Amino acid sequence: MAIYEGFHHIAPQDRPGFCREITQIPEGWLQQPCEKPGRVERLEYRCPLFDHPGETCVKYALVYLPWEYDRQPDKHYNVMYMIHGGGGSPEEYLGNGCPFISMLDYAMAGGEMEPFIVVSPTYYPPNDPDISVDFSGRCTAVFMEELTRYILPAAESLYRTHAGSASDDVLRKSRAHRGIGGFSMGGVTTWYAFLDAMDYFGWFMPMSGDCWVMGRRGGISFPEETAAKLAAAVGGQGFTSEDFMLYFITGSEDIAWDACDAQVHAMEQHGDVFRFGKNTFYGLREGGYHTVEQVRHYALHVLRGFWKG
Ligand code: FER
């Protein structure tokens, strides 16, 4: 419990933007399927092959369409891009029977979340067995190119998103209707979106992953440099503190907790950009370990607040 006490000291509950009461998922949500389930489709797209200049490959993302989607033919939907962790795949969130899906079904059916589309892609090249942290780090660092140039256009022209188009201009203009989040290396990826793709995303949910732009485990290896780089990236991309919402979340027992916490602490030094309690939030789930099982709890807590206000 040493870590937990440490957090308590650094970030007491009454501090703006800091939260230690993370929503608990009702037991029943896993025990029986929701009566209004969404459905999952497989979206294939062609893109450049990682590490092989001039070559292309076919990859896929899984796409969750809420129950409502087939019943409201004129409605356009917000989209959440969910990025898996090291060694993972699109199935991490949207595979058959995933608890993340039942969480979405129930939260949307119960009106806790306004229905939205979820796209779960992968930063890995197809059929590559290398899931080392080094390789994952290299893949995530360049993934924004594939995500914004190939995946967004494919997904948002096929489905009734707010963009509803593959046009780069339309995708940029609809950024307020688009979020990105992920667990572990997917959290690392989410920070790259904050740094390099704010043109396309307005909402950010890094879970149990720090920013690695300055190097591996940059949140704790280079906290000041990392926070300064993130703060500068907002203005550098032509935005202000009014233009994004950032919810960073992890668990008190998580192996990445120390890195997340050190990074948040450094981000507090840039209060003009990261206005805690306004555009920036940090959640800590007591007892949360570094496991995908945490994601549905984190996501329920955070995504209820997305696209509101
Ligand atoms: C961290 C950020 C991400 C970390 C680990 C990860 C231990 C992910 C590891 C993986 O997916 O294998 O700060 O610290």
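Author: What follows is a set of questions and answers on cores, rings and one threonine.

Author: This is a predicted model, in which local features need pLDDT of at least 70, side-chain atom pairs count only at pLDDT 80 or more, and totals for chains, interfaces and linings use all residues. Residues are numbered from 1 along each chain as its sequence is written, and side-chain values use heavy atoms, with hydrogens and water left out.

Reader: Is threonine 280 buried or exposed?

Author: Buried means under 20% relative accessible area, exposed over 50%, and partly exposed in between (1.4 Å probe, protein chains only). The relative accessibility of threonine 280 is 2%, so this residue counts as buried.

Reader: Which residues is threonine 280 in contact with, leaving aside its neighbours within four places in sequence?

Author: Contact means heavy atoms within 4.5 Å. With those neighbours left aside, the residues in contact with threonine 280 are Gly17, Phe244, Leu246, Met267, Phe274 and Arg275.

Reader: How many residues does the largest nonpolar core have?

Author: A nonpolar core is a set of buried Ala, Val, Leu, Ile, Met, Phe, Trp, Tyr and Cys residues joined through side-chain atoms within 4.5 Å. Inside the largest one, Tyr81, Phe194, Phe201 and Phe274 have the most contacts. The number of residues in this core is 65.

Reader: Why does the pair of tyrosine 69 and tyrosine 159 count as edge-to-face?

Author: Rings of Phe, Tyr and Trp (its six-membered ring) pair if their centres lie within 6.5 Å; planes under 30 degrees apart count as stacked, over 60 as edge-to-face and the rest as tilted. Here the centres are 6.4 Å apart and the planes are at 70°, so the pair of tyrosine 69 and tyrosine 159 is edge-to-face.

Reader: How far from the ring centre of tyrosine 60 is arginine 42?

Author: A charge sits over a ring if NZ of Lys or CZ of Arg is within 6 Å of the ring centre and within 35 degrees of the ring normal. The charged end of arginine 15 sits over the ring of phenylalanine 18, 5.3 Å from its centre. Arginine 42 lies over the face of tyrosine 60, and its distance from the ring centre is 3.8 Å.
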